[in-house]
Amino acid sequence: MKEKIEIIQGDITKQKVDAIVNAANTSLLGGGGVDGAIHRAAGPELLEETRKIGGCPTGEARVSKGYRLPARWVIHTVGPVWRGGRSRERELLASCYKNSLKAAVEIGAKTIAFPSISTGAYGFPLEEATEIALRETGKFLASDSNLEKVVFVCFGDQVTGVYRKLFSRFFPTGP
Ligand code: AR6
C-alpha cells in the first residue's frame, strides 16, 4: 500500500496524472496559491465550468475537467481555515482527503496528485496537516483497489522535508 504513495517536490500543474486536487475556496472561482496556478495553467474554460458548479462547502469535493492541464480532471476541495484547532479543522481536513479520493475512484481515475491542502493561505500547521494527509490516504488505500498511485506534490524544501520525515514514520521500512 505504501508503494502506491509518492512524495515529490514540484508544481502540481505539471503532473501527468489522471486527476489533480485543487486547494480551492468555497466559491470555486479561483484565488491565489495553488488555486491560482491551476486556473492559469488550465485556461479560462476551467473558471467557466467551476462557475456552473456553483461552489463547494468546506470538507467536500467537486470534479471538473482539466482543460489545458496534463491531468484529465481537477478535483476541487475546500480545506478549513485554521482558527486555532477548535473549529473542527482536523476533521474537515480529513474529509477533504477522503472525499477527494472517493471522487477520484468515482470518475475512474487511477492516479491522483495532492497539494498540501490548507497549509498556505489557510494557515493549518504543516506537520499536523501532513499527518492527516498521510493517515487518511493510508486508510483509504488499505480498503481500495482502484487507485494505483497517490502523489503528494510538495512546493518547496520545507514541505518536502516534513512529508518525507512523516512518511517514514507512518510507513516504516524493514522489520
Ligand atoms: N503546486 C503545488 N503546490 C503549490 C503550488 C503549486 N503550483 N502553489 C502553491 N502550492 P494555498 P490553502 C502550495 O495557499 O492554504 C487560495 O487563494 C503552497 O506552498 O494554495 O488551502 C484559494 O483560493 C502550500 O504548501 O492553499 C483559497 O482561498 C499549499 O500549496 C486559499 O488560497 C497550499 O497553499 C486556500 O488556502
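**Angles and the model**

Angles under 35 degrees count as roughly parallel, over 145 as roughly antiparallel, 65 to 115 as roughly perpendicular, and the rest as oblique. This is a predicted model, where local features need pLDDT of at least 70 and side-chain atom pairs count only at pLDDT 80 or more, while totals for chains, interfaces and linings use all residues. Residues are numbered from 1 along each chain as its sequence is written, and side-chain values use heavy atoms, leaving out hydrogens and water.

**Where α4 meets α5**

Let's start with helix α4 (residues 126-142) and helix α5 (residues 157-170), which pack at about 50 degrees with their axes 10 Å apart. (Helices here are DSSP runs of H or I, at least four residues; axes are lines fitted to C-alpha atoms over the stretch in contact, and angles run from 0 to 180 degrees between N-to-C directions.) The two are therefore oblique to each other.

On the α4 side, the residues in contact (heavy atoms within 4.5 Å) include L126, T130 and L134, and on the α5 side they include V159, V162 and F170. The residues of this contact split into 9 nonpolar, 2 polar and 4 charged. Nonpolar means Ala, Val, Leu, Ile, Met, Phe, Trp, Tyr, Cys and Pro; charged means Asp, Glu, Lys and Arg; the others, Gly among them, are polar.

**Around the ligand**

Now for the ligand: 20 residues surround it, with N25, G32, V34, D35 and A121 the closest (a heavy atom within 4 Å counts as near). An N or O atom in the side chain of D35 is 2.7 Å from a ligand oxygen, and a backbone N or O atom of G120 lies 2.8 Å from an oxygen atom of the ligand.

Terms used: Polar contact = N/O pair within 3.5 Å; in protein donor to acceptor, adjacent residues only side chain to side chain.
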